[in-house]
Amino acid sequence: MAVKKKDSAALAKHLGGNLCKRRKQLGWTQETVAERVGVDVETVSRIERGAHLPSLPTLDRLAVALRCSAGDLLSKEGPVEASEAATFGAWISELGPDDRAFVMSVVRNCCEHLGKRSK
């Protein structure tokens, strides 16, 4: 049975809105998402506007990059709010091992300092 054009349009709108919401939760630009997924910025823009449904491999890469499931991106409810830990993990995921270690050390030191100060 063929999917009706109206159903495809509704799905594209849900997907686009969910993608945009998740991208903004992570504080990312469309350019950032495009780089992480391996598509051009116009493709991300068209998906967010609901003008384009991505292929399944692209949908999978979007979900991996945005740290959610493909189902989250397709659902009417949308992805669950990104936790602070997930957001932090997404930010540092593209760094090399030495840079990640440096960032983790700085954050740990800041947390230890602020934790002592608040007692």
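**Chat on a predicted helical model**

Colleague: What percentage of the 119 residues in the protein is buried?

Modeller: Buried residues account for 31% of the 119. Buried means under 20% relative accessible area, exposed means over 50%, and partly exposed lies in between, with a 1.4 Å probe and protein chains only.

Colleague: And what kind of model is this?

Modeller: This is a predicted model, in which local features need pLDDT of at least 70 and side-chain atom pairs count only at pLDDT 80 or more, while totals for chains, interfaces and linings use all residues. Residues are numbered from 1 along each chain as its sequence is written, and side-chain values use heavy atoms, with hydrogens and water left out.

Colleague: How many helices and strands are there?

Modeller: The protein has 7 helices and 0 strands, in the order α-α-α-α-α-α-α along the sequence. Helices (H or I, at least four residues) and strands (E, at least two) are DSSP runs, numbered from the N terminus.

Colleague: What about the overall dimensions, such as the radius of gyration?

Modeller: The radius of gyration is 17 Å, whereas a compact globule of 119 residues would have one near 14 Å. The radius is taken over C-alpha atoms, and the globule rule is 2.2 Å times the number of residues to the power 0.38. Along the principal axes, the C-alpha atoms fill a box of roughly 60 × 30 × 20 Å.

Colleague: Turning to the helices, which residues of α2 are buried?

Modeller: In α2 (residues 30-37), the buried residues are Q30, V33, A34 and V37. They share one side of α2, because they cover an arc of only 100° around the axis. The arc is that of the directions from the helix axis to the C-beta atoms.

Colleague: What covers them?

Modeller: The cover includes α1 (5-25), α3 (41-49) and α4 (56-65).

Colleague: Which residues are buried in α4?

Modeller: T58, L59, L62, A63 and A65 are the buried residues of α4. Viewed down the axis of α4, they fall within an arc of 165°, so they line one face of the helix. L56, P57 and V64 are exposed on the other side of α4. The buried residues of α4 pack against α1, α2, α3 and α5 (70-74).

Colleague: Where is R67 found, and is it buried, partly exposed or exposed?

Modeller: R67 is found in the loop between α4 and α5. With a relative accessible area of 37%, R67 is partly exposed.

Colleague: What does L74 contact, leaving aside its neighbours within four places in sequence?

Modeller: L74, found in helix α5, is in contact with L11, H14, L15, N18 and L59, those neighbours aside. Contact means heavy atoms within 4.5 Å. L74 and H14 are 60 residues apart along the chain, yet their C-alpha atoms are separated by 6.2 Å. L74 is partly exposed, at a relative accessible area of 30%.

Colleague: Which loop holds S93, and which residues does S93 contact?

Modeller: S93 lies in the loop between α6 (84-92) and α7 (97-117). Leaving aside neighbours within four places in sequence, S93 is in contact with R36, R67 and R100. S93 counts as partly exposed at 25% relative accessibility.

Colleague: Lastly, how far apart are the mean positions of the positive and negative charges?

Modeller: The mean positions of the 19 positive and 15 negative charges are 5 Å apart. Lys and Arg count as positive and Asp and Glu as negative, while His and the chain ends are not counted. Each charge is placed at NZ of Lys, CZ of Arg, CG of Asp or CD of Glu.
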